[in-house]
Structure formats: structure tokens, C-alpha cells
Amino acid sequence: MLLLPALLGLAFLLVPLIGLIAKAPWSTLPSRLFSADVWQALRLSLVCATSATVLCLLLGVPLAWVLARGGLPFRGVIRALVTVPLVLPPVVGGVALLLVLGRRGLIGQYLDQWFGISLPFTTAGVVVAEAFVAMPFLVISVEGALRAADPRYEEAAATLGAGRWLTFRRVTLPSIMPGVVAGTVLCWARALGEFGATITFAGNFPGRTTTMPLAVYLALETDPDVAVVLSLVLLLVSVVVLASLRERWISGLR
Amino acid sequence: MTLYADVRVSRGSFDLAVDLVVQPGEVVALLGPNGAGKTTALRAIAGLLPLGGGRIALDDEIWDEPPRTFRTADRRPIGVVFQDYLLFDHMSCLENVAFGLRARGVDKHAARTEASRWLDTVGLSSYARTRPRSLSGGQAQRVALARALATDPELLLLDEPLAALDAGTTLHVRAELGQHLRRYSGCTLLVTHDPLDAMVLADRLVIIENGRIVQQGHPTEIARHPRTDYVAQLVGLNLYRGNAEGTTVTLTEPARPGATITLAEPASGPVHVAFPPTAVSLYVEPPSGSPRNTWPAIVTGIEQHAHTVRVRLDATPTGPAVLLADITPAAVADLHLAPGQPLHATLKATEVHTYPV
């Protein structure tokens with residue numbers, strides 16, 4: 001009974017990817033792959049996704065710790081708010097970022113006036129947009145790991161004279177490492193594929209804000225073959241990420 | 001340095017008020033049934049739980065005195081051995097033992113040297129690089145003890161240190177723990193629900209029930225003169241309260257009016273009456289020669305112990321409402337024991353202890 005829809009579902013997920021591989025212009029692929037445009041977009045994508053992930057780690061791990069251990073009032077509400085970017089259409093996220101961090105935005109105007117910093121339509125803007133969309137993945141994953149970890153080990157560390165920071169660094173963090181790694185990989189993959197928030201907040205300027213997904217979209221209008229090549233590269237990256245996420249790490253998410 | 005702990009903690013309807021003093025070199029066991037508040041008291045003294053009232057101090061160094069003073073656990077000179085040890089699994093045994101020294105600012109090399117000396121002391125020097133996960137229960141307990149003692153704490157706290165072990169290893173590990181505790185010069189507070197652990201390891205017992213101290217003293221004194229039903233059960237004695245007049249005690253608790261016990265030695269006033277279950281004999285027919293304490297009784301329960309059978313009886317209205325008797329399996333066969341069966345119980349007056357309430 002269930003076999004047929006199951007097979008259909010599997011085909012639905014796999015056929016487009018097979019189509020992508022089948023339609024690839026294999027003969028001209030090497031020359032297209034090593035064109036300056038592709039490399040530029042790929043390099044920018046990797047740099048921005050990695051920077052966004054680092055930003056997410058720096059802000060997201062402490063946030064996850066506070067959510068899991070801080071004993072906050074309205075923790076459930078805060079937790080729900082953290083996950084909003086997860087379900088929010090990325091374009092809406094981009095608009096929101098523009099309203100807050102844009103040159104006339106709530107915070108952006110002061111950044112501009114006081115520090116001469118303007119985030120929209122810059123590479124830094126790409127990082128901010130990607131981090132905004134990707135951080136919930138990290139927070140949820142790390143928070144889950146923290147809540148599963150036994151807080152009594154932290155108490156044991158305290159009785160041995162370890163302060164909060166030392167305890168976090170030497171006891172808590174190592175015990176939640178699988179969750180952190182899983183969250184980081186998911187966060188990075190999400191940042192790498194980010195499109196909607198990026199194009200809204202950072203625009204599409206080759207070399208500065210045109211990441212791979214944006215390049216694919218652009219190329220589809222002008223040269224579909226290039227779009228296929230770029231897509232293949234992203235597919236390859238995704239597969240590598242998936243392969244590196246071994247069973248153990250994925251289990252850290254549950 | 002002496003520990004003065006007047007621990008008051010309230011949580012919901014549970015209310016803990018325990019006043020303890022532990023002298024240096026002394027091992028005090030906090031003994032009580034589950035839910036009596038033992039672990040809560042230990043956590044408060046360790047600084048893992050703030051007091052609601054009272055005061056915890058080591059000599060004149062105040063650790064906790066609400067609402068003004070609270071020192072967190074990491075700023076108290078303590079060592080704690082937790083019930084399931086809580087060894088850090090991502091570190092080797094050596095790193096576990098060295099952790100407290102490192103946390104207290106000892107440099108890496110000195111910490112490792114001291115840690116390996118401690119592993120040597122507990123006989124585990126060959127396990128320095130082993131992960132705690134692959135240790136046996138007894139070994140893990142020794143590493144936990146070494147970790148707690150490595151920082152040279154003023155106060156050692158042990159939370160059910162033998163509860164996680166299987167019966168076969170407990171005897172050996174208990175003896176070894178006893179040796180380490182005798183060598184340790186600081187204050188030791190041991191929390192346990194096992195009377196044997198407490199009797200063997202502690203110099204003094206403090207027994208708590210429902211958040212209150214019900215009895216404290218030297219283990220032999222407590223074993224001989226229990227003051228509550230829980231303690232009597234722990235040390236395996238029948239215990240009653242009553243009013244003595246000459247050689248007759250009229251039981252007040254737990255008994256119904258009219259129940260009396262006859263003594264060999266006269267006493268007076270409110271007393272505890274205690275005697276071992278082996279002092280009670282059972283007969284189908286009323287025994288001839290009428291010994292002084294003979295009561296008709298009804299069997300309410302039968303339990304097999306190692307080499308004896310413990311029979312629970314109701315001897316009302318002339319005797320105690322709950323009477324325990326230890327008899328041999330052969331006697332069980334002779335009596336054809338079954339619940340509800342009427343018998344005659346006799347008690348040797350010479351084996352009855354009385355002491356003032």
C-alpha cells in the first residue's frame with residue numbers, strides 16, 4: 001500500500017537532481033567551470049557562508065546556552081522567536097534587515113552617522129543576511145544537545161573549583177560537540193544556499209554580493225548552460241556536506 | 001577547621017532543618033530513608049543549592065548565610081564524590097584527577113604530577129590514560145575519590161558513594177574507602193541510606209527523617225538504643241515506647257491500651273523498650289510454666305532472611321501490635337506457619353533493654 005507513494009516520493013526528490021546531471025554540458029564543462037565568473041562566485045559564497053557561520057557560532061552558542069540553562073522567564077516564547085527566521089520567507093527577512101540596518105533604518109542610520117558603516121549591498125551585508133537566516137539551525141541544534149547533556153557534570157566541575165567559563169569550555173562544550181558540529185554544518189549549508197534574504201538586503205553585484213545561488217539565477221536568464229554548471233557545483237558541495245555529516249552527528253539533532 | 005552547618009531549605013511542602021557540626025578528621029554519616037533530605041543537605045553544604053535560612057561556615061569563614069553571603073561551589077574548599085561519580089568521559093582518568101588542580105590555578109605540569117600521585121594512592125596508576133567509561137564501578141569510585149581529594153579540600157562530601165556498586169564489590173570497596181577516610185585529616189560528611197556503610201565508615205551517625213534530625217551519636221550507641229521506628233528497623237530491633245513502673249512497662253506506642261511487657265530489671269517513667277527479634281519464641285500451644293511475657297498473637301507476615309525466617313505478628317490486645325520474631329526454618333516447619341494463624345509468642349525478659357525517652 002505504502003510502497004507506491006514511497007517510490008513516487010523518492011523519484012520526486014531524485015529525478016530533478018538526475019536531470020541536472022543529465023543535462024549538464026559535459027563537453028564544455030571544464031572551460032565553463034574554470035571561468036573567472038564561476039570561481040569568483042564560488043569563492044565569495046564560501047567566504048560569506050564561512051564568515052556567517054563563525055558569526056552564528058559566536059552569537060548562537062551563547063544564546064543556546066542561555067535558552068537551555070539560563071532559567072529565563074518566558075523561555076518557550078523566546079525559543080519560538082528564535083525559530084522565526086527558520087519559517088519566515090527569506091525575502092521577508094531581507095526586507096526586515098533592510099528596514100533595520102538600511103541606511104535609513106532603525107539602527108542603520110546610526111551605524112552610518114557614527115561609524116560610516118553601511119551594510120546593505122556590501123559583502124558584509126551578505127554575511128549578515130546569511131547569518132540571519134542560518135543561525136536558528138545552529139541554535140536549535142546546540143540547544144537540543146545542551147538540554148540532553150546532564151547538568152550535574154557542570155556541578156561536579158564547580159565543586160572542583162571551576163568557574164562558569166572554565167566549566168563551559170572544558171566540560172560542557174566537549175560533551176555537546178556532536179550537536180555543535182551538526183548545527184555548524186547545517187548552518188553553513190543553509191548560509192551557502194541563501195538566496196532570498198541576500199538578494200533583497202545585499203543586492204546582486206558580481207564580485208561583491210553575487211554568491212553562487214544568485215549567479216545561478218542570473219545565468220539562467222542569459223546562459224542556461226552556465227546555470228547548470230553552477231548548480232552542479234552547489235550539488236557537489238551539498239553532497240560533500242552530507243557525507244561529512246555522519247550518522248553520529250545527525251543523531252545529535254534529535 | 002570545623003564545619004558548622006545549620007541547613008534550612010524549604011521546597012514546596014518539604015522543609016529541611018538540620019544542624020550539623022563536623023570536626024576535622026571526623027567522619028559523620030548522614031543516614032536516612034529516601035526523601036529524608038540527605039542529598040539536599042549535602043548539596044546545600046557544597047554550594048550547589050542556596051540556603052533558605054541558617055548558616056554554613058568553616059571555622060569563622062562564612063560560606064552561606066542568607067540573605068547576605070553566598071559563596072558558589074567553586075569558591076569553597078571542598079571535594080565531592082557523587083553517587084554515580086560524574087567522571088568526565090571526554091578526559092582520561094589523569095585529566096579528571098588533575099581537573100580540580102588546574103581549575104584552582106596549579107600549572108599543568110605540577111597538576112599532572114600531583115594527579116598521578118593520587119592515582120597511585122588509590123592503586124590506579126596504570127589507568128592514567130584510560131577513559132572513565134571503560135573502568136569498573138569500583139575503579140570509577142576510586143578515581144572519583146582521588147579527584148575529590150587531589151585539591152586537598154578542607155571538607156570531603158560523599159553522596160551514597162557505594163550505592164552504584166554491585167553487591168560483590170561493595171565489601172572490598174567499602175573497606176578501602178574506610179582506609180582513605182581514616183587517612184584524610186579534613187572533615188568528612190557521608191550521605192547514605194545504607195546502615196552498614198554508615199556503621200563501618202563513620203565515627204558518628206546523624207539520622208534524619210522528614211528533614212529533621214531524629215537521633216545522633218556513636219554507631220554502637222545507636223545500634224543498641226534506637227529512638228525511632230526507622231532506626232529500630234535499620235538496626236533490626238523491636239522498639240516500643242511506654243511507661244515503666246517497677247518491672248512492668250505499659251506500652252503507649254505503637255500499641256493499643258492494655259499491652260504490657262515485663263522486665264528483668266525495674267525501671268520508671270517514660271522509656272524506650274527494645275529487644276532483638278531472636279528474643280521472641282513462638283508456640284502452637286500456650287507454653288507451660290507460664291513465662292512472664294506470653295501473648296496470644298496472629299501471624300501477619302513471613303519473610304525469608306539469610307538463615308532465619310522473620311515472622312511478623314500482631315499480639316494485641318495483651319502485647320505489641322507489631323512484633324517481629326526470628327525463628328529457624330525448622331521451627332517454621334514444626335509450626336506450619338501461615339498468615340492469619342493464631343500462635344503464642346513469648347519474650348525472654350532478660351533480653352529486653354529499656355532506656356529513658
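I began with burial, counting a residue as buried if 20 or more other C-beta atoms lie within 10 Å of its own, as exposed if 12 or fewer do, and as partly exposed in between, with C-beta atoms placed from the backbone. By that criterion, buried residues make up 37% of the 254 residues in chain A, while of the 357 residues of chain B, 41% count as buried.

**Conventions.** I am reading a predicted model, in which local features need pLDDT of at least 70 and side-chain atom pairs count only at pLDDT 80 or more, whereas totals for chains, interfaces and linings use all residues. Residues are numbered from 1 along each chain as its sequence is written, and chains are lettered from A and ligands numbered from 1 in the order in which they are written.

**Chain A.** I took helices (H or I, at least four residues) and strands (E, at least two) as DSSP runs, numbered from the N terminus, and for chain A this gave 15 helices and 0 strands. Its C-alpha atoms fill a box of roughly 65 × 60 × 35 Å along the principal axes. I then looked up pLDDT, the predictor's confidence in each residue, from 0 to 100; chain A averages 88, and 96% of the residues score at least 70. Within chain A, confidence is highest in helix α9 (residues 152–159), at 95, and lowest in helix α15 (residues 247–251), at a mean of 52. I kept in mind that where pLDDT is low, the predicted coordinates should not be read in detail. For contacts I required the C-beta atoms of two residues, placed from the backbone, to lie within 7 Å; of the contacts in chain A with a separation of 6 or more, 76% are between residues 24 or more positions apart.

**Chain B overall.** I found 9 helices and 19 strands in chain B, and its C-alpha atoms fill a box of roughly 80 × 45 × 35 Å along the principal axes. An automatic or database domain assignment supplies the domain bounds, and it divides chain B into domain 1 (3–226) and domain 2 (236–356), with 40 Å separating the two centres, taken over C-alpha atoms.

**Where the chains touch.** The contact takes 14 residues from chain A and 17 residues from chain B. On the chain B side, β7 (78–81) and α2 (93–103) are the elements that give two or more residues, and α2(B) gives the largest share, 3 residues.

**Helix α3 of chain B.** The buried residues of α3(B) are Ala111(B), Ala115(B), Trp118(B) and Leu119(B). They cover an arc (of the directions from the helix axis to the C-beta atoms) of only 100 degrees, which puts them on the same side of α3(B). On the other side, His109(B), Ala110(B) and Thr113(B) are exposed. The cover over the buried residues includes α2 and α4 (137–149) of chain B.

**Leu190(B).** I placed Leu190(B) in strand β9 (residues 187–192) of chain B, where Leu190(B) is buried, with 27 other C-beta atoms within 10 Å. Leaving aside neighbours within four places in sequence, I listed its contacts, among them Val27(B), Leu30(B), Leu158(B) and Leu201(B). Leu190(B) and Thr113(B) are 77 residues apart in sequence and 28 Å apart in space, C-alpha to C-alpha.
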